[in-house]
Amino acid sequence: MDAFNTLVANLGIGFGVAFTFQNLIYCFVGCLLGTLIGVLPGIGPIATIAMLLPATYALPPVAALIMLAGIYYGAQYGGSTTAILVNLPGESSSVVTMLDGYQMARKGRAGVALSTAALGSFIAGCVGTLILAAFAAPLAELAFKFGPAEYFSLMVLGLIGAVVLASGSLIKAIGMIILGLLLGLVGTDVNTGVSRFAFGIPELSDGIGFISVAMGVFGFAEIISNVDMKGARETFTNKITNLFPRWKDIKECLPAILRGTGIGSLLGILPGGGALLAAFASYTIEKKLAKNPDPPFGQGQIRGVAGPESANNAGAQTSFIPLLTLGIPPNAVMALMVGAMTIHNIQPGPQVMTSNPQLFWGMIASMWLGNLMLVILNLPLIGMWVQLLKVPYRILYPAILMFCCIGVFSVNNNSFDVLITVLFGVLGIVFLRFGCEAAPLLLGFILGPMMEENLRRAMLLSRGDPSVFLTRPLSLTMLLMALAMVVIISLPAISKKREETFQEEAG
Amino acid sequence: MSIRRILAALAALAALAAAFAAPPAAAQAYPAKPVRLVIPFPPGGATDIFGRVLAQRLSEIVGQQVVVENRPGAGGTIGSELAAKAAPDGYTILLATTSTHSIGPALNPKMPYDAKRDFAPVAHLADATNILIASPSLPVANLRELIAHARANPGRLNYASSGNGTIVHLTGEQFKAATGTFVVHIPYKGTALAVPDLISGQIAFIFDNIASALPHIKGGKVKTLGISALKRSPLVPDIPTMDEAGLKGFESNTYFGVFAPAGTPPPVIQRLNTDINRALAAADFRERLAALGAEPVGGPPEQLARVVERDTVKYAAVIKRAGIKPD
C-alpha cells in the first residue's frame, strides 16, 4: 500500500510536469514528428532521433527528452499506417504488421486494420507506462547494489543479448558489435589519460562524436540508399471507410492485444530486445495459438495486426526501464537517449530518479499523454499522412540532409564533425549493401567504452583479482545468464528454428 | 535551431557590418565592435555558466555585445588554442581554468599552445573549491580520523576522481603527499558516476566540487570532512576547512580567469580588467557565483598571472611526485 501511495505521489509530480503548456507542446511535436517519420518509409525513429539530437540542445532537458520519447513511440504508430496502406514497413518493427494488415486493406478493411492497430498500441502503451512507473523505483534501488563488477557483467549480457536476438545473420551482428567496440576505443583513456587512435588530431582526443556516428550510419546512409527505391506501388490510400471494428473483431483481437502487451513488456526490458523482436514473437505466438483461423494468417487475420502492434508499442515503452534505472541502453534508440541526456549534462542511471525527479516522472507521465495524443492524432489525420507519402523524394531528401549537416555543426561549432558524419554516412551505405545492421554497431560503440571502464575499475578495486566477477552474486548471475544465451543459440535445433522464424516472417 | 545560436549569428553579422561601416579601428575607442568570449568547454558546465553570466554583465558595462562562443573538446585545448591564435586586438578573449592553463601544460609537453607565452592575463574571475566527502560506511568522523585510518590501512582504501589529470585527481594526490598515505586512485568519467560507489562503500572518499556534492550532503547520504579552501564556503558554512580540521595550509582550488592573446595592447587589457572588476562588484553577480560554489576574486591582471604561475608550479610538482604521465 505504501509503495502504491508513493507511486501515486510520483505520478502526481510527473503529471504536474507533463501538463505544463510547454511540455504538452513538445510532447505533441514529438508525437507528430514521430508519426510523420514513421509514415515515411525508410526513415526510422533511430535516424530521426539522431537527426534531431542537436536541435533539442536548446530546449530544457525535460522538454527535450519528452520530445525524443514522443518521436520514438510516435514512430511505432506511424509505421503501421504505411505498412497497412502501402505494404511498406514505415519503420522496421512494422514489418510484421504488413503481413496481415495489407491483406486486410486489400479486402476493403483498411479502416478496421488501422483502428485495431491504434487501439492495440494505446492499450499496450498504457500498460507499458504503468509497468515502467511501478518497476522503476525498486529497480533503481537495486541499482545502488551495482558496483563496477556488476555493471561489467550486465553489459556482457547486454552485448550477447544483442547478438542472439539480432534479426539478421549472427556473424554480421558479431562483426558490427566488434567494430562498434573498436570505434569506441578512439579517444582519451579515462584511466591513464593516454590518447588512443587519435592520430594527433585534437578533435579526436574526446573520441568520435556519438552524434556523428549515429547521424552518419542511420540518417545519411538510410536517406541516400532510399534514393535507390523504386516507386509505383499499389496503395489503398483512397479507400478508407468504416474505421470502427465490428463487435466480432473486438472480441477476436482483445486477447491478442493483451498477449502482445505482455510479450512486448517482457522483451522490451531485455537487453537487445525492443519493439522489433516483440512484434515477431507476438506474431509467432498468435499463429501458434489460433485454431483454424478465418481468414488464415497472412490473408488478413485481424489478430496478426492486433498482437504485433500491441507488442511493439509495449516493448518501446518498457525498453526505457534499463536506461532510466541502470543507465544502460538496451537498444539503439535508447543508446541515442543516453546521448541526449549527456548533452544536457544528465548522467543516465539510478541517480536520475533522485537528482532529477521532475525529469524522470515528467517523462513517464508524458508517455501516457503521448499515447493518448497519438490515438487522437492518428485516426482522424490518416488522410493527411497519406498525402505525405506523395511528396517527391527529390525535394524531401536533400532538405533533410542539409538540416542534418547544420545540426551536426551546431553541436561543437566545428566543421570537423560534419566531415566525420559524411564519412560514417558512406560507411553506413556500405553496411546496408552488405546487409549488416548498424544498430549493433551503435550499441557496441556506446557499451564498449562503458564496459572497458567498468572492467578496469572493477580490477582496480579488486587489486587485480579477476575472481571478483564470479564471487559477487549479482555479477555471477548475469554472467551465467549470458552463458546460457550462448549455449541456447548454439544448439543446432534452436539456431535452425531461429533462422526459419526470421526468414519466414521477414520474407 | 537554438535561439542562442541564431542570436550569435546575428551578432556576428552585425559585427561584420560594423567592421565595414566604421572607420579603421585604431582611430576608434576600444571596443568598437562585439567582443567574442571563447569558452573552451561545452555548454551547461560551470565554466559555461560563469562565462554567460560574465558576458551578460560585461555587455551592459562595455556598451558592446560580448558574445559567448563554446569551443569544447580535448579538455579545453581546442578552444584555448583558438584564442591563442586569434588576432591580439581585444576582440577575442578566453575564459580559462586551472585545467587549461596550469594542469594541462604540466601534464602534456606537446600542447598546441604555451599557457604563459601565448596569453596575456586579464582578470582573475573566481575560485571554486572542492569538498572532501566520505563514504557513510567509513569508520571515521573527521579529517584526523580519516588520515589515521588511511595510515593504518595503506593501499586498502580507494578514492575516486573525475578522470586522470583532473583537479579532483590532483587534489587527491596532493592529499596523499601531504599526509604520507597511500590510497588507490579510481578514475570515473565525472564524480556523479562515482557517488553510488561511494555510498555503497567501495570508494572511501572523493574531493568533489561543492556545487555537485551539495544534493548528497543535504540528503545526508555522505560524510563531509572538510573543504579544500583556506576560508569556509558560504554554501556549507558548518563544514570546517581542511586547514582548521588538522591539515595545516591544505588548499586546492580551481581558478577561473579571463585571458587575451599575447600581444594585445596594454590599454585594451587595462580596460577589460577594469570592466570585469566592475562586473564582479555587483551583488547579484557575486550571488550567482556563490550559488555554484565559487568565490569571486578580481584584482589586477598581475593577480591572475601570479595564481597561474603558483598553480603551474604546484601541480607540476604533484604530477611529478605521483608519476602521472599522459603517455
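Chain B has 11 helices and 10 strands. Keep in mind that this is a predicted model.

I'll begin with the chain as a whole. It runs to 327 residues, and 50% of the residues of chain B count as buried. If you take the contacts in chain B with a separation of 6 or more, 76% of them join residues 24 or more positions apart.

Next, one helix. Helix α2 of chain B covers residues 46-62, which is 17 residues. From first C-alpha to last, α2 of chain B reaches 24 Å, close to the 24 Å expected at 1.5 Å a residue.

Which residues in α2(B) are buried? They are A46(B), T47(B), F50(B), G51(B), L54(B), A55(B), R57(B) and L58(B). When you look at that list, remember that an α-helix has 3.6 residues a turn, so residues three or four places apart point the same way. Note that an arginine, R57(B), is among the buried residues. Just after α2(B) comes G63(B), with a positive phi of about 85°.

Now to the contact between the two chains. Chain B puts in 36 residues and chain A 28 residues. On the side of chain B that touches chain A, the elements giving two or more residues are the helices α1 (3-21), α3 (77-84) and α7 (191-200), along with the strands β2 (66-70) and β6 (184-187). Which of the elements gives the most? That is α7(B), with seven residues. Sorted by class, the side of chain B that touches chain A has 16 nonpolar, 13 polar and seven charged residues.

Methods: Residues are numbered from 1 along each chain as its sequence is written. Chains are lettered from A and ligands numbered from 1 in the order in which they are written. This is a predicted model: local features need pLDDT of at least 70, side-chain atom pairs count only at pLDDT 80 or more; totals for chains, interfaces and linings use all residues. Helices (H or I, at least four residues) and strands (E, at least two) are DSSP runs, numbered from the N terminus. A residue is buried if 20 or more other C-beta atoms lie within 10 Å of its own, exposed if 12 or fewer, and partly exposed in between; C-beta atoms are placed from the backbone. Two residues are in contact if their C-beta atoms, placed from the backbone, lie within 7 Å. The expected span of a helix is 1.5 Å times one less than its number of residues. Ala, Val, Leu, Ile, Met, Phe, Trp, Tyr, Cys and Pro count as nonpolar, Asp, Glu, Lys and Arg as charged, and the others, Gly among them, as polar.
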